[in-house]
Amino acid sequence: MHSLQIHVEKLFAKYKSSRQIEELKWEVLSNLEARVADLVADGMPLEQAVKKATDQLPSVDSLVGESRSVYVLAFWQELLQRALLYTLVAWIATMPLRIWGMGISVNHGLLVLCLLEGIVYAVLLRSKRLSAAAKKSELNLRTAFLLRKIGWSLWALYMAVSFAYTTAIHFASHIWFARAVSLSGPYQFATVAVEYVLPAVSIIVPLLLHALPEAIMKCEAREEE
């Protein structure tokens, strides 16, 4: 099957290497190998089977930007499960930040969000049991990867702006006039530290966007199903 691997590498040669491309290459190669194995099992010579399988391969351009038919309920259930997990971890992680007013609000907000996500997740689980023939919808894999990239970029920008803003609020005058930074005690130090750390809770958003492509591929409705 080494010739199939070489063939797939040539097909994707014009695309810049990325996780998306690597995953598609692996998927195309797996499908080709399975197709060739079926043809050989039916009595076709190996070389002929390889040629027939590669000739029947769809355009790589369409594969890169293709839409996937996805079971809608399973897809949202997968995302809700991830959201509930990430929110629960964030809620536990922010417990020590309750020393500060905004830390208390964020921790309470995350708890409420956990409860809401848990309720919706339970409803989706019941809906899936009641509807064995789950509805399908077309989702674009390339868009999912693009959203993931944009999500991480915007989050990194937000964190940079948040860091600069907090620094400007507390230390701009010290930096501008070259004065030594002065924190009156442990409580003030903790207050400033919480202001730096708290925005990191928003990482839940890019993490969820990061899970989009994987959820689409995991919940894809295949023809044999």
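## Aromatic pairs, cores and helices

Modeller: With ring centres required to lie within 6.5 Å, the count comes to three aromatic pairs. This is a predicted model.

Colleague: What kind of pair do Trp-152 and Trp-155 form?

Modeller: Trp-152 and Trp-155 pair edge-to-face. Their centres are 5.9 Å apart, with 85 degrees between the planes. Planes over 60 degrees apart count as edge-to-face, which is why the pair gets that label.

Colleague: Where do Trp-152 and Trp-155 sit in helix α7?

Modeller: Helix α7 covers residues 141-176. An α-helix has 3.6 residues a turn, so residues three or four places apart point the same way.

Colleague: What about Phe-163 and Tyr-196?

Modeller: Phe-163 and Tyr-196 form a tilted aromatic pair. The centres are 5.2 Å apart and the planes make 50 degrees.

Colleague: Which helices hold Phe-163 and Tyr-196?

Modeller: Phe-163 lies in α7, and Tyr-196 lies in α8, residues 186-197. The pair therefore ties together parts that are 33 residues apart in sequence.

Colleague: And how accessible is each, Phe-163 and Tyr-196?

Modeller: Phe-163 counts as exposed, at 51% relative accessibility. Tyr-196 counts as partly exposed, at 22%.

Colleague: Staying with α8, what span should its 12 residues have?

Modeller: At 1.5 Å a residue, α8 should span 16 Å. Its end C-alpha atoms are 16 Å apart, so the two values agree.

Colleague: Which residues of α8 are buried?

Modeller: Ala-190, Thr-191, Val-192 and Val-194 are the buried residues of α8.

Colleague: Leaving out residues up to four places away in sequence, what does Ile-203 touch?

Modeller: Ile-203 touches Trp-152 and Trp-155, the edge-to-face pair.

Colleague: Let's zoom out. How many helices and strands does the protein have?

Modeller: The protein has nine helices and two strands. From the N terminus on, the order is α-α-α-α-β-α-α-β-α-α-α.

Colleague: How much of the protein counts as buried?

Modeller: Of its 225 residues, 35% count as buried.

Colleague: How many residues are in the largest nonpolar core?

Modeller: The largest nonpolar core has 29 residues. Leu-32 and Phe-75 touch the most other members.

Colleague: Which elements give two or more residues to this core?

Modeller: They are α1 (2-11), α2 (19-41), α3 (46-55), β1 (67-71), α5 (72-93), α7 and α9 (204-218). The largest share, seven residues, comes from α2. At least three residues come from each of domain 1 (1-64) and domain 2 (67-219).

Colleague: What is Leu-32 in contact with, leaving aside neighbours within four places in sequence?

Modeller: Leu-32 is in contact with Leu-4, His-7, Val-8, Ala-53, Thr-54 and Leu-57. There is also a second, separate core of five residues. Tyr-86, Ala-90, Leu-110 and Ile-204 are among them.

Colleague: Switching to Arg-82. Buried or exposed?

Modeller: Arg-82 is buried, with a relative accessible area of 18%. Arg-82 is found in helix α5. Not counting residues up to four places away in sequence, Arg-82 touches Leu-208, Ala-211 and Glu-214.

Colleague: And where is Val-123?

Modeller: Val-123 is in helix α6, residues 101-130. Val-123 is partly exposed, with a relative accessible area of 48%. The C-alpha atoms of Val-123 and Gln-77 are separated by 9.5 Å, and the two are 46 residues apart along the chain.

Colleague: Last topic. Which residues does UniProt list for "transmembrane region"?

Modeller: The unreviewed UniProt entry lists residues 83-100, 106-125, 155-177 and 189-212.

Colleague: How much helix is there in residues 106-125 and 189-212?

Modeller: Residues 106-125 are 100% helix and 0% strand, and the end C-alpha atoms lie 28 Å apart. Residues 189-212 are 75% helix and 0% strand, with end C-alpha atoms 38 Å apart.

Note on methods
Residues numbered from 1 in each chain as written. Predicted model: local features only at pLDDT ≥ 70, side-chain atom pairs only at ≥ 80, totals over all residues. Heavy atoms only, no water. Phe/Tyr/Trp six-rings, centres within 6.5 Å; stacked < 30°, edge-to-face > 60°. Helix = DSSP H or I, 4+ residues; strand = E, 2+ residues; numbered from the N terminus. Buried < 20%, exposed > 50% of the residue type's maximum accessible area, 1.4 Å probe, protein only. UniProt positions renumbered as here; feature names shortened; annotations may be inferred. Core = buried A, V, L, I, M, F, W, Y, C linked by side-chain atoms within 4.5 Å. Domains from an automatic or database assignment. Contact = heavy atoms within 4.5 Å. Expected span 1.5 Å × (residues − 1).
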